[in-house]
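Reader: I'm new to looking at protein models. Can we go through this one together?

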Amino acid sequence: MVHEITKGRSGVDYLLSGFTLIRQPGLRRFVVLPLLTNLVLFSLCFYWLLGELDKLSAAALNLLPGWLSWLQYLLWPLAIISAMLIFFFLFSMIANLIAAPFNGLLAEQVEARLTGQPLPDSSLASLLKDLPRIFSREWQKLKYYLPKAIICLLLFWIPLVGQTIAPLLWFALSAWMAVIQYCDYPFDNHKIPFAKMKQSLGQHKWDNVGFGALITCCTMIPVVNFFIMPVAVCGATALWVDRYRSLPELR
């Protein structure tokens with residue numbers, strides 16, 4: 001059935017579309033393997049982090065000179081928060097690398113169902129052929145994200161700024177990067193350059209950030225955060241079909 005383009009859909013609509021699409025027969029195989037892999041990886045890494053958290057925060061606080069030792073009570077929570085943010089950043093980076101080939105295939109399958117087009121080739125040979133391009137694209141996203149993430153993390157260590165502005169900036173960055181991360185799969189399937197994708201998404205930046213903010217909020221909810229990746233891929237593909245697929249400059 002051809003998907004009818006609906007204008008004015010909100011980020012909530014696209015996220016709900018993702019939850020609906022993920023349950024369709026034929027798509028589960030592109031979800032289960034990366035989901036199980038990420039679940040095992042997250043469990044092992046988080047178990048290690050809990051055991052090392054006190055040591056990591058103590059090591060960070062020991063970097064303070066003696067005359068600033070009175071700041072330890074203020075900076076200890078910041079050290080814990082920074083360690084957790086770094087952990088989730090590293091885990092997300094690894095999880096996205098592992099899931100990238102499957103997410104690209106999932107986006108292809110979802111787009112085919114939404115548009116009524118013939119299903120693309122999803123054979124192992126086709127996947128292996130596309131791996132260099134897929135991982136190159138992940139590297140482009142990382143290069144775009146890493147400098148901004150480092151600046152935000154450093155802001156957490158500035159008194160007052162770290163308790164007020166830095167969390168808001170981190171959330172805004174996370175929301176925008178969620179848009180970049182998940183919308184990139186359908187864009188990349190059509191060989192649209194990374195810079196052109198950013199430009200196109202930026203033309204509806206605030207609408208798209210609303211979608212990314214919902215994804216970011218879902219990543220903070222236990223259990224839901226394990227399922228949000230494929231849901232976000234499906235929702236982002238629906239957004240691509242609605243807003244970008246038919247644009248002449250992207251053909």
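Reader: Which residues have the most contacts inside the largest nonpolar core?

Author: First, a heads-up: this is a predicted model, where local features need pLDDT of at least 70, side-chain atom pairs count only at pLDDT 80 or more, and totals for chains, interfaces and linings use all residues. Residues are numbered from 1 along each chain as its sequence is written, and side-chain values use heavy atoms, leaving out hydrogens and water. A nonpolar core is a set of buried (under 20% relative accessible area, 1.4 Å probe, protein chains only) Ala, Val, Leu, Ile, Met, Phe, Trp, Tyr and Cys residues joined through side-chain atoms within 4.5 Å. The largest one here has 61 residues, and those with the most contacts inside it are Leu106, Ile180, Tyr182, Phe187, Leu201 and Ile215.

Reader: Which helix gives the largest share of this core?

Author: Helices here are DSSP runs (H or I, at least four residues), numbered from the N terminus. Among the elements giving two or more residues to the core are H1, H5 (165–189) and H7. The largest share, 13 residues, comes from H5.

Reader: Is Thr216 buried or exposed?

Author: Thr216 sits in helix H7. Leaving aside neighbours within four places in sequence, Thr216 is in contact (heavy atoms within 4.5 Å) with Phe171, Ser174, Ala175 and Ala178. Its relative accessible area is 7%, so Thr216 is buried.

Reader: At what angle do H1 and H7 pack?

Author: Picture H1 as residues 11–21 and H7 as residues 205–219, with their axes 8 Å apart. Gly11, Val12, Tyr14 and Leu15 in H1 meet Phe211, Leu214, Ile215 and Cys218 in H7. The packing angle is about 55 degrees.

Key. Axes are lines fitted to C-alpha atoms, for helices over the stretch in contact, and angles run from 0 to 180 degrees between N-to-C directions. Buried means under 20% relative accessible area, exposed over 50%, partly exposed in between (1.4 Å probe, protein chains only).
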